[in-house]
Amino acid sequence: MEEVELFESVPNFSEGKDRAVIDSIAAAAEMAHVLDVDPDPDHHRAVVSLLAPRERLIEALLGAVAAAAERIDLRKHAGVHPRVGAADVLPIVPIGTTTIDACRGVAHEVGHRIWTDLQIPVFFYGYGAEWSLADIRAGRAQPDLGGPALHPAAGAVCVGARGPLVAFNVLLPDTPVGEARRVAKSLRESAGGVRGVQALAFELTGGRIQLSMNLFRVGESPPESVIEELRRRGVHLGDQQVVGLCPAVAASEAASGRILEARVGAAVAREGARRARRAGGDELAALGQRLATEAERCAALAPVLQAAVLLDAELQSMAQLAARGLRDALSEATRLRYAARMAALDQRLG
């Protein structure tokens with residue numbers, strides 16, 4: 001069965017408090033697999049994680065942007081996170097064998113559709129683009145589509161291709177906000193700090209100080225290595241938080257329940273369960289129930305669905321992607337300890 005090219009997108013919306021609004025935006029993206037919805041009331045922002053083939057992802061993002069523009073008015077919005085739009089940032093992210101160039105093509109198609117269909121100005125940022133998000137938020141950029149005036153209520157949308165990253169927050173108890181900002185600046189790769197780190201410091205409600213980071217060289221600077229660096233510097237650390245989902249290869253304890261590949265496997269199981277229930281019959285209904293409760297046994301999902309004649313190329317590609325990602329995150333010691341099982345898994349994964 002031919003592999004399907006899949007794209008991840010992690011759109012950020014300027015609403016983190018009203019669950020009805022957040023749910024309506026996520027529901028508008030239902031043409032894609034909605035892997036996660038993560039609202040943050042302090043930042044007044046929600047991160048939605050989507051996965052789909054090209055055309056369905058484009059339609060899902062258009063639906064979500066339209067829902068956000070209808071329900072969010074930036075003139076009434078206040079939050080600590082910088083923003084330029086109701087649907088603020090739409091990154092397209094390569095996953096599996098998909099290339100960053102293919103993601104840039106999707107980003108440009110999404111951006112042109114947003115301007116043509118919704119009349120919301122668009123900035124292109126990231127890979128192959130003139131602007132960075134910092135340029136756009138600092139007012140150093142002009143919209144690539146539409147403008148120069150932004151939409152009065154919806155602002156503009158920043159659309160671009162970027163590599164995988166981990167959004168990672170740490171509370172800094174006993175650290176004054178000025179010192180936290182100095183720590184954030186010293187960590188940034190752009191300031192000669194830690195490779196693969198972008199960082200800001202925010203003062204949240206109740207006087208809490210948060211170090212908010214994007215770790216964009218996942219293999220070089222995963223959350224654990226950044227925590228080790230902060231401890232080496234003598235910074236007193238509080239609670240840690242992964243925002244959205246985290247690739248298994250970079251997962252720390254803070255990513256518990258937020259592993260990207262596990263959510264992809266769960267999406268395969270949910271779709272398989274839906275197809276089994278739709279197909280009808282007691283046997284397939286029972287299979288649907290088992291799939292719903294065994295969502296993260298990723299490597300076994302494809303053969304089970306194939307035996308039930310419920311598998312297609314898209315679900316097989318998703319199951320393979322999930323299983324490979326989880327396998328690659330295993331330590332060498334674990335691989336050696338379970339050598340026979342690893343050999344069987346590798347044979348199944350091809």
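Student: In this predicted model, how many bridges join strand 8 to strand 10?
Tutor: Strand 8 covers residues 166–171 and strand 10 covers residues 209–215. The two run antiparallel. The number of bridges joining strand 8 to strand 10 is six.

Student: Which residue of strand 10 is the bridge partner of Ala167?
Tutor: Strands of a sheet pair through backbone hydrogen bonds, either parallel or antiparallel. Strand 8 and strand 10 are antiparallel. The strand 10 partner of Ala167 is Asn214.

Student: Is Arg182 buried or exposed?
Tutor: Arg182 lies in helix 5. Exposed means over 50% relative accessible area. At 53%, Arg182 therefore counts as exposed.

Student: Why does strand 6 count as largely enclosed by the rest of the structure?
Tutor: Strand 6 has five residues. A residue is buried when its relative accessible area is under 20%. Strand 6 is largely enclosed because the buried ones among its residues number four of the five.

Student: Which residue of strand 7 is the bridge partner of Phe124?
Tutor: Strand 6 and strand 7 run parallel and are joined by five bridges. For Phe124, the partner in strand 7 is Val159.

Student: Which elements give two or more residues to the lining of the largest cavity?
Tutor: The largest cavity holds about 30 Å³ of space. Its lining includes Arg104, Ala107, Phe124, Tyr125, Val159 and Gly160. The elements giving two or more residues are helix 3 (100–118), strand 6 (122–126) and strand 7 (157–161).

Student: How many residues of that lining are nonpolar, polar and charged?
Tutor: Besides those already named, the lining includes His108, Tyr127, Ala129 and Ala161. Gly counts as polar and Tyr as nonpolar in this scheme. The lining of the largest cavity divides into seven nonpolar, two polar and one charged.

Student: Is His81 buried or exposed?
Tutor: His81 is in the loop between helix 2 (54–71) and strand 5 (87–94). Leaving aside neighbours within four places in sequence, His81 contacts His43, Arg45, Arg137 and Phe202. The cut-off for buried is under 20% relative accessible area. His81 has 15%, so it is buried.

Student: Is Gly96 buried or exposed?
Tutor: Gly96 sits in the loop between strand 5 and helix 3. Its C-alpha is separated by 8.8 Å from that of Arg324, 228 residues apart along the chain. With a relative accessible area of 61%, Gly96 is exposed.

Student: What percentage of the residues of the protein count as buried?
Tutor: The protein has 12 helices and 11 strands. Its residues number 350, and the buried share of them is 51%.

Technical notes
Residues numbered from 1 in each chain as written. Predicted model: local features only at pLDDT ≥ 70, side-chain atom pairs only at ≥ 80, totals over all residues. Heavy atoms only, no water. 1 Å grid on protein atoms, 1.4 Å probe; cavity = no way out; pocket = protein on both sides within 12 Å on 5 of 7 lines; lining within 4 Å. Points joined across faces, edges and corners; volume = space filled by probe spheres on them. Pairing = 2+ DSSP bridges. Buried < 20%, exposed > 50% of the residue type's maximum accessible area, 1.4 Å probe, protein only. Contact = heavy atoms within 4.5 Å.
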